[in-house]
Amino acid sequence: MKTIMTSALALAVAAGAAHAGGIERSNNDYGFLFTRNDQLQLGFSHVMPELSGKYTPELTAAGGGEDSTGNMLTDYNNYSLAYKNDFTEKLSFGMYVNNPYGAGAEYTQGVYAGLTADWDSDQVALVGKYRVTDRVSVFAGARYVESQADIIIPDLLVRSSVGRNAQGLGAQAQALGAEAQALGAQAQAAGAAGDLATAQELGAQAQALGAEAQALGARAQALGAAAQDFGTSMEYNASGSRVGDWGAILGVAYEIPDIALRVALSWQSEINHTFSTSESIAGLGIDATGGDTKVIMPQAVALDFQSGIAPGTLLFGQVKWVEWSKWEVRTPEYEGVTGGNVTSFENDRTTWKLGVGRAFSDDLSGFVQVTYEAQNGDTVSRLAPRDGYVSLGVGGQYKMDNMTLRGGLEYAWIGEAEDASGVKFEDNTALGVGLSLTVDF
């Protein structure tokens with residue numbers, strides 16, 4: 001039962017048609033540390049998303065009559081390697097190599113055409129497990145994640161953001177100007193009453209606010225004029241250099257081997273990236289290199305469980321929370337001219353998974369699982385325009401001597417979502433196919 005249990009759980013995450021919230025694409029399966037013998041596992045998955053949205057009538061007109069974004073997500077592959085070695089009866093070591101995060105947005109139709117974004121990452125995680133008693137184990141380690149990102153935002157989207165920022169700055173300038181005038185009037189009244197010290201103080205404050213209002217007004221005028229100048233390109237290009245940073249892993253597990261029960265709680269710390277960023281907007285004369293862009297890859301907490309429920313039958317599942325509300329990409333030059341970030345996520349995400357594995361013989365077994373992530377009603381990013389999902393996964397494994405071959409399919413119904421421009425993303429799906437090969441030593 002125990003071998004069937006761990007195999008089914010490893011297979012259950014192989015396809016990955018709908019990754020958990022944010023830009024997460026793969027996980028470290030810490031259940032692998034509890035398998036028998038020394039093992040090497042190689043995995044591959046291919047995911048084919050279909051995700052498109054409908055423009056509002058205003059955006060349709062601006063985009064030349066195209067009312068759909070077309071499929072804005074590209075297919076992608078995930079590769080993984082996991083190695084586990086038992087040093088002693090109590091002490092084990094595990095290593096994971098995979099692609100933890102990723103994004104591949106590419107709009108080809110309508111007003112969003114030309115909007116592209118790529119996020120690539122690679123991870124190496126090293127984990128040690130110590131069996132404290134026959135039922136209690138602890139594990140801990142570190143993971144090193146390297147990431148690199150590129151983005152292109154087309155002219156019309158940048159131009160509208162710059163225009164809105166100009167209006168906002170203009171409103172701030174007017175408010176400061178009015179406040180400066182009020183202070184000036186108070187200074188005059190204090191002077192007329194003979195309170196020269198107060199008059200000087202209020203007059204100085206009025207002058208400072210007036211100067212700030214003038215500077216903001218000039219900035220607003222310059223940005224507003226640039227937004228109206230259609231003779232120059234406002235396309236935004238940014239590239240973040242590849243960086244690598246460390247994070248921590250901690251976990252504890254409780255087992256009852258006789259019934260194949262295991263409950264494990266794991267925590268992965270956040271990882272703080274600081275990208276050296278190159279940015280350009282020709283129409284604003286921006287061509288900057290070396291700016292710092294800080295991005296937090298969020299912490300995560302997962303509760304994994306499994307238990308035998310009948311001879312040859314395993315129930316397994318997971319509840320995972322990730323703090324995606326901390327993730328945003330805020331590049332310095334883009335923020336300076338638009339007043340906002342490039343992209344972000346509004347809320348944290350919790351993903352639920354439940355499945356059943358069944359042994360048909362000593363060599364052949366299979367599984368079925370359901371995964372659910374609730375809709376939060378977020379205003380979604382154009383680069384990841386989905387809000388929750390439901391997926392169904394099926395698969396099986398076949399054992400041959402010291403090798404086990406696993407395969408699975410996962411089909412996801414992606415949650416409806418709406419972005420800040422009112423584009424609605426509905427009736428979208430994804431299909432994933434996964435394979436893995438495990439060798440026992």
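Visitor: In the hairpin of S9 and S10, which residue takes a positive phi?

Guide: Gly285 does, with phi near 70 degrees, in a hairpin that has 4 residues between its strands. Before going on, note that this is a predicted model, where local features need pLDDT of at least 70, side-chain atom pairs count only at pLDDT 80 or more, and totals for chains, interfaces and linings use all residues. Residues are numbered from 1 along each chain as its sequence is written, and side-chain values use heavy atoms, leaving out hydrogens and water.

Visitor: How many bridges join S9 to S10?

Guide: First the terms: helices (H or I, at least four residues) and strands (E, at least two) are DSSP runs, numbered from the N terminus, and two strands pair if DSSP finds at least two bridges between them. Here, S9 (residues 271-281) and S10 (residues 286-297) run antiparallel and are joined by 10 bridges. Within this pairing, Ser276 stands opposite Asp292 of S10.

Visitor: What is the order of the strands in the open sheet of 3 strands?

Guide: The order is S17-S20-S21, with mixed pairing. S17 and S21 (424-425) are the edge strands, each pairing on one side only. Between S17 and S20 (residues 417-419) the sense is parallel, over 2 bridges. Val380 has Asp419 of S20 as its bridge partner.

Visitor: What volume does the largest pocket have?

Guide: On a 1 Å grid over the protein atoms alone, a pocket is an open set of points where a 1.4 Å probe fits, with protein on both sides within 12 Å along at least five of seven lines; lining residues have an atom within 4 Å of a point. Points are joined across faces, edges and corners, and the volume is the space filled by probe spheres set on them. The largest pocket comes to about 490 Å³. Its lining has 23 residues, with Asn341, Val342, Thr343, Arg382 and Ala420 nearest the centre. Helix H3 gives the largest share of that lining, 3 residues.

Visitor: Is Thr343 buried or exposed?

Guide: Buried means under 20% relative accessible area, exposed over 50%, and partly exposed in between (1.4 Å probe, protein chains only). Thr343 is buried because its relative accessible area is 6%. This residue lies in strand S14.

Visitor: Which residues does Thr343 touch?

Guide: Contact means heavy atoms within 4.5 Å. Leaving aside residues up to four places away in sequence, Thr343 touches Trp327, Glu328, Val329, Ser381 and Leu383.
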